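Please open the model in your viewer and keep the selection panel at hand. The tour goes from one selection to the next, with a short account of what is there at each stop.

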Amino acid sequence: MSALLGCIADDTTGATDLANNLVRSGMRTVQTIGVPDGALDDRADAIVVALKSRTIPAADAVARSLEALRWLRSQGAEQIYFKYCSTFDSTPAGNIGPVTDALLDALDSEFTIACPAFPVNQRTVFKGHLFVGDLLLSDSGMKDHPLTPMTDASLVRVLQAQTRRRVGLVAYDVVARGPQAITERFAALRAEGVQVAIVDAISDDDLMRIGPALAGMPLVTAGSGIAIGLPQNWSGRLGDAAGADRLPEARGLRAVVSGSCSVATNGQVARFLASGRPAFAVDPLAIAAGRDIAGEALAALVPHLGTGPVLAYATAEPDRVKAVQQQLGSEHAGALVEATLARIADGLVRAGVRQLVVAGGETSGAVVQALGVRQMTIGRQIDPGVPWTAARSPAAGGDMLHLALKSGNFGRPGFFTDAFAGLG
Ligand code: ADP
């Protein structure tokens, strides 16, 4: 059976966020790391291809997105979903506009929407303006983002600067009247020559009203919020809506590898250490001095795997991170730590770990790469935005590996031990 919805996400953790929303709405979903060479290992109603195309040059983002599109269509995808950040992260050069243009051209389509709203995460769009909590986007922390500073909250203006197509607005009064009114407004905008419509949404009810108006639209562009209103369009055609989050039974040993230094992760590491379970602190300066820290960590942790989860962590408070960065340079320090944690994760899996929690977005990327993971079937949500996934990895031999990739500030304080409870 072929996939119904094919998604192209402009970064990895954003891809998981979208996949998580689709699964929660009843679509069985597989996330791939980059564009796969062949077919999927597992059946899926939706496929999310994770790219790293948010801040690369626009021409490269277009090329990779078109490659993803070709593969998704070869898998049968009836509708394409271009997923970007709920803060519409982009510059006047792109990449949201250029990728949207290229996908519309390739699909021979003349109309799409753009809607980054994700109300449960405090991202709302009203009169075409994006709010982050109570603040306009341009007054939020996003105005100082190092790569994509967002200094204008008017999405019509922001997108119009990036696309050769005309941008219009479906304002809140129309959205509130429901799918029929939204569909009529789409037709009116098209008649005026508008090809991309920013759509207002301030609640999940709005997203559910917008969903039916998107049925049959070849391309949808959005944050992950719009996904909750789409699966209803395929009701009756979904493989197993009630079991969309079912994963193979989890077996094997348990471990946590943490390279995130965010506030939430520091709390989670502290909670794990307080539990008295075995843990190994990775010291970046010792790695830089040439010590085999991955080997030391494995020697310290592997003997304890039989008794319950173990932790390897580079996580540190901001002053310690700064001190290390001053000595090594922040990029070099990050790369050393990522490579070491990835080797530790690989060694733990080779020693029998089959349930692995990884903390940190970049760290997750490095670990997934080291484990040779190319596809992940998305399972039940552990905490908002963080699902368990099941994947194949050469390091795990023929076994299934359960992975939970937790970016920065996600997860409750007890995440590093509680996450395993739900796997049975
Ligand atoms: P988050 O999701 O919290 O941003 P990431 O894994 O994306 O976490 O980023 C954390 C970065 O910090 C990684 O590059 C990691 O290697 C690096 N890092 C982790 N611990 C330390 C440390 N003690 N000193 C310096 N850098 C560190």
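Begin at the contact between domain 1 and domain 2 of this predicted model, where 7 residue pairs are in polar contact, both residues of each pair being at pLDDT 80 or more. The count of salt bridges between domain 1 and domain 2, by contrast, is 0.

To see the two parts as a whole, select residues 5-242 for domain 1 and residues 253-423 for domain 2; the contact draws 19 residues from domain 1 and 16 residues from domain 2. Together, domain 1 and domain 2 bury about 1,400 Å² between them, and 51% of that area is on carbon and sulfur atoms.

Next, stay on the side of domain 1 that touches domain 2 and select α1 (12-24) and β2 (29-33), each of which supplies at least two residues of that side. The largest share, 6 residues, comes from α1, while the side of domain 1 that touches domain 2 comprises, by class, 8 nonpolar, 6 polar and 5 charged residues.

Then move to the ligand and display the 18 residues that surround it, of which the closest are Ser260, Glu338, Glu362, Thr363 and Gly408. Finish with the backbone of Gly334, where an N or O atom lies 3.0 Å from an oxygen atom of the ligand.

Conventions. Residues numbered from 1 in each chain as written. Predicted model: local features only at pLDDT ≥ 70, side-chain atom pairs only at ≥ 80, totals over all residues. Heavy atoms only, no water. Domains from an automatic or database assignment. Contact = heavy atoms within 4.5 Å. Buried area = accessible area lost by both parts, 1.4 Å probe. Salt bridge = Lys/Arg side-chain N within 4 Å of Asp/Glu carboxyl O. Polar contact = N/O pair within 3.5 Å; in protein donor to acceptor, adjacent residues only side chain to side chain. Helix = DSSP H or I, 4+ residues; strand = E, 2+ residues; numbered from the N terminus. Nonpolar A, V, L, I, M, F, W, Y, C, P; charged D, E, K, R; others polar. Near = heavy atom within 4 Å.
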